[in-house]
Amino acid sequence: SGKTSVINALKSPNNVSEPLHEDSRTMGIDISTWVTPGGEVEFKVLDLAGQAIYSKTHQLFLQQRAVYLLVWRAHESLLEDDSELSDRIVHWMESLQLRVPGSMMLLVATHIDCVSANDLDVLCSRVRSVSQHTIASFQRARNEGVRVLQLFDNGESARVNCLSGEGVVGLRNKLTMFAMTAPW
């Protein structure tokens, strides 16, 4: 989906990531730090592998006082059937709600150059709808006094092309602003 490329582009002074080959995919977890260009904020970055074999161990790394990026790849095939993507979004949102209620999540669409602008709008709208519906399903927890997962921009996906840098500055600014205004 491009998680490592997003991290590399955020860290890069020119806002781009070098192309990654399949052999260089994250195995397990990569831990690094990222200091924003102005030095205002230092992030501890946990890049969790996307392969299903690692999914059970991801739960061990969820913590409070964090912002979570749910990175998804824009692709034409999702226009036909987005059920797998929807299932992943719901899975991660439920995992965060159960393990770290009240945490903050930002949706990030990558590979935005691989679909038309109209198709990207359609896909982002579907992702927003799934995420908003999932948040609404957590209402019972809120009524019982449990903090509920929060979505940046009401579930609107930040849109990035990590090879060209498109959208990276906006994503970096959102993350920096959140970190500087976070209640913790």
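Among contacts (heavy atoms within 4.5 Å) with a separation of 6 or more, 71% join residues 24 or more positions apart in the chain. This is a predicted model, where local features need pLDDT of at least 70 and side-chain atom pairs count only at pLDDT 80 or more, while totals for chains, interfaces and linings use all residues. Residues are numbered from 1 along each chain as its sequence is written, and side-chain values use heavy atoms, with hydrogens and water left out.

On to the layout. The chain has seven helices and six strands, taken as DSSP runs (H or I of at least four residues for helices, E of at least two for strands) and numbered from the N terminus. Walk along the sequence and you get α-β-β-α-β-α-α-β-α-α-β-β-α.

Of the 184 residues, 43% are buried; that means under 20% relative accessible area, with exposed being over 50% and partly exposed in between (1.4 Å probe, protein chains only). The chain's accessible surface is about 10,400 Å², and carbon and sulfur atoms hold 51% of that. Those areas come from the Shrake-Rupley method with a 1.4 Å probe, and for residues only the protein chains shown count as cover.

Now for the nonpolar cores, meaning sets of buried Ala, Val, Leu, Ile, Met, Phe, Trp, Tyr and Cys residues joined through side-chain atoms within 4.5 Å. The largest one has 27 residues, and Trp 72, Met 93 and Met 105 make the most contacts inside it.

The largest share, six residues, comes from α5. Apart from this core lies another, of 21 residues, including Trp 34, Ala 158, Cys 162 and Val 168.

What about the cysteines? Cys 162 is buried at 8% relative accessibility, whereas Cys 114 is partly exposed at 38%. The structure holds zero disulfides (cysteine sulfur pairs within 2.5 Å).

Points are joined across faces, edges and corners, and volume is the space filled by probe spheres set on them. The largest cavity holds about 50 Å³. Its lining includes Asp 82, Leu 85, Ile 89, Leu 123 and Arg 126. α5 gives the most to that lining, with four residues.

Key
1 Å grid on protein atoms, 1.4 Å probe; cavity = no way out; pocket = protein on both sides within 12 Å on 5 of 7 lines; lining within 4 Å.
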